[in-house]
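Please look over the sequence and the structure before reading on.

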Amino acid sequence: MKDHARVVVIGGGVTGCSILYHLAKMGWSDVVLIERSELTAGSSWHAAGNLFVLTSPSNAQRLQHYTVKLYNTLGEEAEQPIGYHATGGLYLAASDEEVTTLTNARARARRNGLDAEWVSLDEAKRRAPVLNTTNIKAALWEPLKGNVDPSQVTFAYAAAARKHGATVYRHTPVTATTQTPDGGWIVETEKGSIKADYVVNAAGLWAREVAALAGISMPLMCVEHHYLVSEDVPEIVEMEGRHPSISETEAGYYSRQEGQGLLLGAYEDKCRHWAVDGTPLDFGHELLPDDISRMEKNFEIAMDRMPCLGEVGIKRVINGPMIFSPDLGPLLGPHPALKNYFCATGVMTGFNQAGGIGMVMAEWIIDGEPSMDVNFWDVARFGRWAGKRFAFERTKYYYENRQERPYPFLERDGGRPVRTFPAYDRQRDAGGVFGLNNGWEVPLWYAVNGTAAQDTYGYTRQDWWHTVGEECRAVREQAGLFDVSSFAKHGVSGAGAEAWLKRVLAGRIPKKNGKTALCPMLSPKGRMIGDFTVSRLGDEEFLLLGAGAMQEVHQRWFRSFLPAEGVRVRNLSDTWTGLMIAGPKARDILSSIALSDVSGDALPFLSAQRLELQGATDAIAVRVSFTGELGYEVYTPSMYQRGLWDALMAAGADHGIRPAGGRALMNLRLEKRFQSWGSELAPDYTVMEPGMDRFVDWNNEDFVGRDASLAARDAGSPETYATLLVDASDMDAWGGEPVFRDGGYVGYVTSGGYGHAVGSSLALGYLKPAAYEEGATVEVEINGERRLATISPGVPFDANGGRMRA
């Protein structure tokens with residue numbers, strides 16, 4: 001057995017083997033995979049092996065597309081079959097709502113150049129002879145649908161990896177992983193130990209056990225999943241080629257050809273967890289006792305669509321375990337608590353995703369960053385708050401609601417509440433309707449005047465749209481009070497703090513105490529990996545405010561640049577809370593509870609000040625605005641939040657203050673053309689596309705990503721940031737919609753909503769530079785209907801920013 005490797009991958013399922021293959025193919029041949037049993041043991045061997053590309057978000061679609069394309073060459077490279085069948089497939093819709101769902105999925109795929117086409121029911125029947133279209137409204141054809149042989153694909157990845165110099169050890173259980181002082185790892189097995197520079201946990205069903213060896217836990221749960229295989233189907237036997245796959249999301253089933261019969265899988269309406277407290281170490285190529293009665297509802301609908309299922313026998317029933325994260329997405333990347341420890345766990349649809357996951361994991365290890373934004377799958381998105389109960393309840397919810405439509409603004413109740421801020425009861429009593437943000441309950445909007453405090457969802461504007469409009473108008477005319485406690489709050493201090501910030505951030509670090517600046521953070525390749533509001537509180541003290549969901553990702557990045565001494569970085573997000581007061585009356589309200597001067601001279605725009613307030617003796621007020629109005633973000637230790645909320649509401653009573661939620665905040669920022677992290681700002685962009693280059697300190701020759709950013713500036717932006725005034729009907733754009741000009745595709749929407757102050761539906765997004773012309777007419781496809789839109793010549797509301805600088 002080797003005694004050293006650059007990377008040790010633990011787990012010989014399809015994900016681990018793909019990572020090994022991509023590492024070796026990218027030139028790191030000194031890599032090892034260790035499998036406790038035989039390759040595919042666990043869940044890979046009994047997977048259905050279905051392939052599809054229409055999914056979300058957009059980069060997940062790109063990764064699945066990469067995976068499917070890789071199957072065109074993998075078998076040849078490995079010199080062995082992989083059982084790849086590019087059959088194409090049908091998505092069925094039995095309701096108008098599902099037609100809209102598929103219409104939107106098809107539209108969003110345009111960004112990645114993927115084509116899906118509506119076919120007539122007669123054509124659907126011609127392509128899929130087993131199909132009965134009597135109760136079907138529409139059928140969408142995806143040409144990239146298909147399937148592979150799970151075992152053959154897994155072994156092919158391993159074989160191709162060996163050709164590039166990688167090593168595979170089977171029947172070699174890992175017994176310990178120990179970090180060494182230099183950041184490497186000792187991986188101990190029953191056959192010896194290997195010193196590795198990096199470890200990858202790709203242990204599938206045993207990911208929790210492998211994580212425990214390194215002293216960490218993972219929010220994963222095993223779930224039972226059924227599919228059956230029928231006897232031969234006459235319509236399939238008589239076909240010349242392969243039968244396409246058929247799926248119907250709202251009925252919770254999928255099917256494809258298997259042999260000369262059909263494979264039918266179902267997401268039952270009752271989730272059954274397995275091995276909640278840990279996967280047995282002696283489990284491998286076994287199955288679980290089947291209970292086909294749990295598929296009864298799914299099977300009944302499937303038989304209506306494919307009557308042959310009721311006419312032929314069942315050859316076998318498969319009930320095997322799968323392992324899920326709380327949102328069913330993989331957990332990828334460097335674990336934030338450990339150095340050089342990577343995760344690739346919780347991969348639900350491995351044969352759809354493993355190729356793309358292998359690619360980005362190899363890039364992450366070798367290059368230090370993936371080639372695209374994968375924050376939506378980053379292991380760091382779940383903090384310590386995502387414990388066993390949350391994982392259990394959330395996986396139960398997602399499994400039982402696989403048919404749930406991806407409505408705009410959809411919030412899911414499973415596993416909530418996890419944690420609440422001190423003012424939660426005040427907000428709830430005021431009619432607050434809450435969503436989940438990084439484990440916290442955050443107000444989305446407030447039900448008033450008899451409105452039910454209940455979220456509703458659909459592809460058209462809901463009743464709460466009017467209430468959100470009232471909140472927006474209150475902010476524009478009087479004042480609104482927002483809870484911004486879910487924002488990330490990082491404290492940076494020490495003699496070397498300023499120099500360190502000039503290295504890590506690309507913006508202009510405030511030189512004077514009490515000043516505030518907006519600063520992007522870049523990767524070495526010049527990609528945006530963060531943006532912060534930076535306030536200088538003292539000679540050696542700074543406060544950084546950023547995206548709450550990214551706080552562990554950013555802390556991980558900060559630690560990678562920390563010197564041995566002179567700089568201290570603390571994540572204050574869980575111990576400090578924030579309230580934002582915004583509107584023309586904001587200063588009057590704040591001054592009435594402040595024990596010091598908060599006038600425009602004392603606390604001007606882009607400044608910060610420590611204050612003593614009624615209800616909070618220790619507060620930091622930051623004069624910034626995400627609404628475009630005169631505003632203050634006030635941060636305090638958590639113990640003061642409830643009292644401060646009461647003080648502000650009491651002081652604002654005569655000024656028309658109104659609690660406002662996150663949906664109002666998002667609409668208000670659209671009117672100001674302000675970018676938001678995860679929508680307009682992401683690692684898919686440099687500072688050039690969103691126009692963040694104006695915040696860059698180009699005179700600083702030391703910031704990370706400077707050379708790549710200069711190259712991007714010289715090359716010119718491949719996309720142009722645009723604001724669109726949309727002639728919408730009963731629904732606004734909300735993200736992902738394609739944009740057309742003169743009939744041709746020219747770009748996409750990143751976020752949208754309604755500007756209640758400007759009286760127009762608004763959308764932000766990116767267009768091809770050649771298509772960008774201020775005042776020009778374009779079209780935005782919303783729910784399958786192309787709506788006229790105008791490229792705004794500027795900021796729709798208060799273009800000169802006078803209100804927020806007042």
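## An arginine with positive phi

At 23% relative accessibility, Arg 673 counts as partly exposed; buried means under 20% relative accessible area, exposed over 50%, and partly exposed in between, with a 1.4 Å probe and protein chains only. Arg 673 sits in the loop between helix H17 (662–671) and H18. Helices (H or I, at least four residues) and strands (E, at least two) are DSSP runs, numbered from the N terminus. The phi of Arg 673 is positive, near 65°, although the residue is not glycine.

This is a predicted model, in which local features need pLDDT of at least 70 and side-chain atom pairs count only at pLDDT 80 or more, while totals for chains, interfaces and linings use all residues. Residues are numbered from 1 along each chain as its sequence is written, and side-chain values use heavy atoms, with hydrogens and water left out.

## Other backbone features

Most residues other than glycine have a negative phi, and most peptide bonds are trans. Asn 438, which is not a glycine, has a positive phi of about 55°. Asn 438 belongs to the loop between strand E20 (432–437) and strand E21 (440–446), and it is buried, with a relative accessible area of 14%.

Two cis peptide bonds can be described here. One joins Ser 56 and Pro 57, with omega about 0°; Pro 57 is in the loop between strand E3 (50–51) and helix H2 (58–78). Another joins Arg 416 and Pro 417, with omega about -5°. Pro 417 is in the loop between helix H10 (388–400) and helix H11 (424–429).

An α-helix has 3.6 residues a turn, so residues three or four places apart point the same way. In helix H18 (residues 706–715), the buried residues are Arg 706, Ser 709, Leu 710 and Ala 712. Seen down the axis of H18, these residues fall within an arc of 160°, so they line one face of the helix; the arc is that of the directions from the helix axis to the C-beta atoms. The face turned away from the buried side carries the exposed residues Asp 707, Asp 714 and Ala 715. E24 is among the elements that cover the buried residues of H18. After H18 comes Gly 716, whose phi is positive, near 90°.

Helix H13 (residues 497–504) has Ala 497, Trp 500, Leu 501 and Val 504 as its buried residues. Their arc, seen down the axis of H13, is 100°, so they line one face of the helix. Their cover includes strand E23 (488–493), strand E24 (516–522), strand E26 (541–546), helix H14 (551–561) and strand E27 (568–571).

## Nonpolar cores

In soluble globular proteins, nonpolar side chains tend to be buried together. A nonpolar core is a set of buried Ala, Val, Leu, Ile, Met, Phe, Trp, Tyr and Cys residues joined through side-chain atoms within 4.5 Å. The largest nonpolar core has 60 residues, of which Val 7, Tyr 71, Val 153, Tyr 157, Val 200 and Met 361 touch the most other members. Helix H9 (residues 350–367) supplies the largest share of this core, nine residues. A second, separate core of 37 residues includes Val 187, Val 199, Leu 288 and Leu 338.

What does Tyr 157 touch, not counting residues up to four places away in sequence? The list includes Val 14, Cys 17, Tyr 21, Leu 70, Tyr 71 and Ala 354, where contact means heavy atoms within 4.5 Å.

## Cysteines

How many disulfides does a search of the whole structure find? There are zero; a disulfide is a pair of cysteine sulfur atoms within 2.5 Å. The sulfur of Cys 222 is 11 Å from the closest cysteine sulfur, in Cys 271, too far for a bond. For Cys 343, the closest cysteine sulfur is in Cys 222, at 16 Å, again too far for a bond. Cys 222 is buried, with a relative accessible area of 0%, and Cys 343 is buried, with a value of 0%.

## A strand residue

Leu 788 is in strand E38 (residues 785–791) and is partly exposed, with a relative accessible area of 46%. Beyond its neighbours within four places in sequence, Leu 788 is in contact with Leu 725, Val 726, Asp 727, Thr 777, Val 778 and Glu 779. The C-alpha atoms of Leu 788 and Thr 777 are separated by 6.8 Å, and the two residues are eleven apart along the chain.
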